Amino acid sequence: MSRRRGEFEHRTSIFEGAFRAWSHLGGLDPTDLENKTAAELDPLTNPLEEDLRLLNGKGVKGNSAENKEAAGGSGDDGGGNGVNEEGQDGGSNSAATPGVFSGKRREYPYEPLPRSGLSHPFVQAILSPWLGPDADQDAIQLGLTTLRTWWQHRRKGESGSAVAALGTDKMRGVVEGYTRHFFNLAHCLVTNDKEQPPRTLNTKMREVEKL
């Protein structure tokens with residue numbers, strides 16, 4: 001494996017795990033968040049079978065990376081790493097039938113990153129394992145820009161290059177590990193530290209408060 005390929009897999013597995021965790025948290029019911037443990041709400045063992053964000057046609061557009069590959073396209077930009085000059089993964093724009101699953105792949109509705117950016121511990125936690133402990137301020141700011149751009153493009157679905165890079169048994173395990181790690185962290189930040197939750201969950205929490 002080339003160093004460039006390894007760096008792409010490393011970064012994308014972190015981002016994808018964080019995206020899935022934040023998406024899952026956003027789809028939870030506030031009462032479940034209050035009454036159940038993180039283990040009981042785990043995105044891997046207790047996925048959202050009826051996600052209203054998908055059933056209502058909102059959130060992520062369908063993942064059609066497999067369709068692009070079947071048509072002879074990889075979703076790559078021709079550079080071999082699926083990242084264009086702005087550091088963004090090329091997503092797919094084709095919409096699949098709304099639902100929790102698209103073929104055999106689970107769909108994760110889009111939840112925006114916290115608006116507070118680096119002030120939010122969840123964003124810091126995403127950048128930390130990618131950039132490492134010695135990253136200077138310029139590297140961190142560039143990393144934040146890359147993360148935000150990737151996150152926006154992930155809204156359209158996983159890119160073909162990301163599906164290929166993370167499709168092995170080893171990398172699927174890595175992504176699942178990051179998903180669980182980031183969910184447990186986000187759950188703690190929202191329930192214990194009262195940090196800003198994902199947008200959809202925040203809306204539901206405000207509705208509950210009005211009752």
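Predicted model: local features only at pLDDT ≥ 70, side-chain atom pairs only at ≥ 80, totals over all residues.

Tutor: Let's take α5, where F122, V123, A125, I126 and L127 are buried (under 20% relative accessible area, 1.4 Å probe, protein chains only). Helices here are DSSP runs of H or I with at least four residues, numbered from the N terminus. Residues are numbered from 1 along each chain as its sequence is written, and side-chain values use heavy atoms, with hydrogens and water left out.

The cover over those buried residues includes α1, α6 (137-154) and α8 (169-191). Take α1 (residues 3-26): its axis comes within 9 Å of that of α5 (residues 121-131), and the two cross at roughly 160 degrees (axes are lines fitted to C-alpha atoms over the stretch in contact, with angles from 0 to 180 degrees between N-to-C directions). The pair is therefore roughly antiparallel, a label for angles over 145 degrees. On the α1 side, H10, R11, I14, F15, A18 and W22 make the contact, meeting F122, I126, P129 and W130 of α5; contact means heavy atoms within 4.5 Å.

F122 and I126 turn up again in the largest nonpolar core, a set of 31 residues, where they are among those touching the most other members, along with L25, L147, W151 and F182. Such a core joins buried Ala, Val, Leu, Ile, Met, Phe, Trp, Tyr and Cys residues through side-chain atoms within 4.5 Å. Its largest share, 7 residues, comes from α1.

Definitions and conventions:
Parallel < 35°, antiparallel > 145°, perpendicular 65-115°, else oblique. Buried < 20%, exposed > 50% of the residue type's maximum accessible area, 1.4 Å probe, protein only.
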